[in-house]
Amino acid sequence: MSKGSTSGRLASVSGFTDDRLGAAGFLKRNMRKIFPDHWTFLLGEIPLYSFVILLLTGTFLTFFFKPGMEEIAYNGSYAPLKGVMMSEAYASSLDLSFDVRGGLLMRQMHHWAALMFIGGMMVHMLRVFFNGAYRKPRELNWLIGVALLALALFEGLTGYSLLDDLLSGAGLRITAGVAQSLPVVGTWLTFFLIGGEYPGDEVIGRFYSIHILLLPGILLALITAHLILTWVLKHTQMPGKGRTNDNVVGAPTYPSFMAKSGAYFMFTFGIVALLGTFAQINPVWLYGPYKPSDISAASQPDFYLAFLDGSLRLMPSWEINFLGFTLPMSVIVPALAPLGLILLGLVLYPFAEQWITGDRREHNLSDRPRNNPHRTAIGVSAVAFYGILWLMAATDVIAAFFRLSINQIIHIGRGMVFLGPALAYFVAYRICLGLQRRDADALGHGVETGVIKRRPTGEYIEVHVPPMESIEAQVRGKEPVPIIAGTAGDGDGDGVPEHDGKHHPIRRLRAMMSRAYGGDKVPLDGDREPGDHNGHGDHRGRAGGGEHNGHDGRDGRDGREGADSAGRAAVGPGTDENRPP
């Protein structure tokens, strides 16, 4: 074995390690571990590398930021605010921006990395959801991901509030109002976070401790657990040629995966650095220090919290007075319902799907989103719900820019928050069915080539060729969504045992939901196996209903061309009508 080879270098490193730690076997085994490969898997690395950048830039910022709320007179480099009374936290943020070398770059990189961390996490979770990669045995990793998202939202809120400028102070005032509105625990939670009546003189210090110590520690522990489970269970691989639930097709960790991940980290770091250099974000010197008596127009939080602001704007005035207590539902409902609906839905969905379908198998192959249209439609409707609330956080900006009535925008938003997800569900479901029909048509009749031929009868037809073998294998990797079925001789065949039908309505509901959710909505052509392009016999595609009888000389050319009723033809030498010309 050559010492310059990958295996030789790996053996050398393993020997060095084994002499000192006795871990050569462990290191060698794991460095050659095979991982599935697909570009969408890199979406999960964006939040990981953004978190690393957050730790690095955050460490720099802690050297100079002072989380105090004592009033001082500003005497820094920013002339428009000289002599203005402000909190020590806001003054130190101005010093970071104008007087600390590299401070503004670090501030902006930190902010951009925070947005990429949460945004990348959302996109990664959508990828996992639409591909069904949360199913057994990866439910625990999915729950860890949901917990990471929830903690990241709170981490962003605490960091956003530290600067004590007018914009973040307004957001903190809303946070305090929401905490106070909660029944039973509201006053205790407000006391814990703020230390008394808002604004008090401790909230910045408490948020600072939570932001740099408590939440990062929990996030780091959960990210570590998430990575360990990903390492043990691997990614789910995309359907394709030679890929099954029982094998792994991919590249080894070293050198392939490590080189790719290292380059991707540098790309991510470079993008964040470029954004921090050229794209201004959160210019706190323009907002001024926070004062409860001051307000500002066009104020919106960062995108990941904007949907809560939008729900607050859409909610009509409503409160409940009972036994001397007041429940401000106009604050409680918009603050808790959207977030609770999204997070609780993410937590329960894997188990709800398992209950509806009765599918308790291990899944190491991903689903194509089109092959589970109900799941895809549910995900798209959730995105539409979030997007409408996010858009409604800018009602004042929209009204001013388009010169519309803000009241009309709010009324439209109240309707769209219910109609939008329903419409998105319907459209996404129909698109999935259309894509499935296109797949079935490609298998049954071949792929359009754009080549037009004229038949002896004068008819014009388009030449179709069979899909590429890899594409055909991917399409044929489709599995019907399982349906709970009745036991033979013990039920009615639709998933509901006869003797339980009247006494167990939940079981009847489960069977009904299973029939609606599962099944093969658009069956593929099952007359031939992948790679079988011999064209013998009668080949009929279920989706298109056409016929290709390529060997009986029906068209007068000894089977060299066959056309179906839709005017499609597959051309090839001899009787092999499916082979490309």
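1. F325 sits in strand β6 (residues 325-327). Helices (H or I, at least four residues) and strands (E, at least two) are DSSP runs, numbered from the N terminus. At 60% relative accessibility, F325 counts as exposed. The classes are: buried under 20% relative accessible area, exposed over 50%, partly exposed in between (1.4 Å probe, protein chains only).

2. Some ground rules. This is a predicted model, in which local features need pLDDT of at least 70 and side-chain atom pairs count only at pLDDT 80 or more, while totals for chains, interfaces and linings use all residues. Residues are numbered from 1 along each chain as its sequence is written, and side-chain values use heavy atoms, with hydrogens and water left out.

3. F325 also belongs to a nonpolar surface patch. W318, I320, F322, L323 and F325 make this patch, of about 600 Å². Patch residues have over 30% relative accessible area and no salt bridge; like charges are joined within 9 Å, nonpolar side chains (Val, Leu, Ile, Met, Phe, Trp, Tyr) within 5 Å. A salt bridge is a side-chain nitrogen of Lys or Arg within 4 Å of a carboxyl oxygen of Asp or Glu. Areas come from the Shrake-Rupley method with a 1.4 Å probe; for residues, only the protein chains shown count as cover.

4. Now the whole protein. Its secondary structure comes to 18 helices and 12 strands. Of its 581 residues, 45% count as buried. The accessible surface comes to about 29800 Å², and 65% of that belongs to carbon and sulfur atoms.

5. H111 lies in helix α5 (residues 103-130). H111 is buried, because its relative accessible area is 13%. The side chains of H111 and D302 are joined by a polar contact of 3.0 Å. Such a contact is a pair of N or O atoms within 3.5 Å; within protein, one must be able to donate a hydrogen and the other to accept it, and residues adjacent in sequence count only if both atoms are side-chain atoms.

6. β7 pairs with strand β8 (residues 460-465) in the antiparallel sense over 5 bridges. Pairing requires at least two DSSP bridges between the strands. K453 stands opposite I461 in β8. The two strands, β7 and β8, form a hairpin with 5 residues between them, and G458 in the turn has a positive phi of about 100°.

7. L336 is in helix α13 (residues 329-357). At 43% relative accessibility, L336 counts as partly exposed. L336 and L182 are 154 residues apart along the chain, with their C-alpha atoms separated by 9.6 Å.
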